[in-house]
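Reader: I am new to this structure and would like to go through it step by step. Please show it first.

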Amino acid sequence: STGKPGMLFPLYGVVLGKTTVDEIASMPGSVPGKGQNSRQYFILRSINFWCHNEDVVHHIHIVRGNPIPEKWQELGITYQSSYNEYKITLERLFGHCTVVEPPGQSKFQDIDCFTACLRGVHHELGVTYSFEFKFAYVRGGVDTPKTLYSITVHSKVEEEPPKEITLQSDDTQENDTVNIFSGNENSNDNDNDNENE
């Protein structure tokens, strides 16, 4: 990605993939909640930070009607932008833009609504962030403003590269290089469900 460190996170003191449940629970103004299937989240500054009963906060889900953080709005992530404007914004912020669902139309309450989905991936603070922008539930097309329905951000902590150390034998005085692997080889990927939390 092409953004600067700290461009998107921390968000109100929270770093997805790193901030623990205990840490967010102790933040001033943090309010705990339960979603579907008793999935745990915390509301902080009107943003739902989800942990799904794990030890770390790992994703957020913002839907139309909930505020987009001011820090992000200053970068062009707003409800006012159109699909085509978002493609340009994601290229600028992340260096790429993936079309997850191409622009189309779908019926919602007997109304033909614009639908599409874009994704951008960002690396920051040792975490990979997947930003998904879903357009839905209103009339329009690729150049219509205010068609954004939701923003979902998933996180995955990046594994550290192997560290090399040099061992020297007293007998031969030859150097042997050994790789020491850190991280949990059994770590699970975050779920990528797009359900309404």
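Reader: Between which two strands is the loop that holds Y137?
Author: This is a predicted model, where local features need pLDDT of at least 70, side-chain atom pairs count only at pLDDT 80 or more, and totals for chains, interfaces and linings use all residues. Residues are numbered from 1 along each chain as its sequence is written, and side-chain values rest on heavy atoms, with hydrogens and water left out. Helices (H or I, at least four residues) and strands (E, at least two) are DSSP runs numbered from the N terminus. The loop that holds Y137 lies between β7 and β8.

Reader: Is Y137 buried, partly exposed or exposed?
Author: Buried means under 20% relative accessible area, exposed means over 50%, and partly exposed is in between (1.4 Å probe, protein chains only). Y137 has 38% relative accessibility, so the residue counts as partly exposed.

Reader: What is phi of Y137?
Author: Y137 is a residue other than glycine, yet its phi is positive. The value is near 70°.

Reader: Which residues does T147 contact, leaving aside its neighbours within four places in sequence?
Author: T147 is in the loop between β7 (127–135) and β8 (148–157). T147 counts as buried because its relative accessibility is 0%. Contact means heavy atoms within 4.5 Å. With those neighbours left aside, the residues in contact with T147 are R64, Y79, Y83, F114, F135, A136, V138 and R139.

Reader: How many Å separate the C-alpha atoms of T147 and A136?
Author: Along the chain, T147 and A136 are eleven residues apart. Their C-alpha atoms are separated by 6.3 Å.

Reader: Which residues does S82 touch, not counting those up to four places away in sequence?
Author: S82 is found in the loop between α2 (70–73) and α3 (83–94). Its relative accessible area is 2%, so S82 is buried. Beyond four places in sequence, S82 touches F135, V142, D143, T144 and P145.

Reader: Which strands stand at the edges of the open sheet?
Author: The open sheet has eight strands with antiparallel pairing, in the order β1-β2-β3-β4-β8-β7-β6-β5. Two strands pair if DSSP finds at least two bridges between them. Each edge strand has a single partner, so one side of it is left without a neighbour in the sheet. The edge strands are β1 (31–34) and β5 (98–108).

Reader: Which residue of β8 is the bridge partner of H61?
Author: Strand β4 (residues 59–63) pairs with β8 in the antiparallel sense, over five bridges. The partner of H61 in β8 is T152.

Reader: What angle does the direction of α3 make with that of β6?
Author: Helix α3 packs on the sheet and touches β5, β6 (111–124), β7 and β8. Axes are lines fitted to C-alpha atoms, for helices over the stretch in contact, and angles run from 0 to 180 degrees between N-to-C directions. For α3 and β6 the angle is about 5°.

Reader: Is R45 buried or exposed?
Author: R45 sits in the loop between β2 (40–44) and β3 (47–50). R45 is not a glycine, but has a positive phi of about 55°. Its relative accessible area is 57%, so R45 is exposed.
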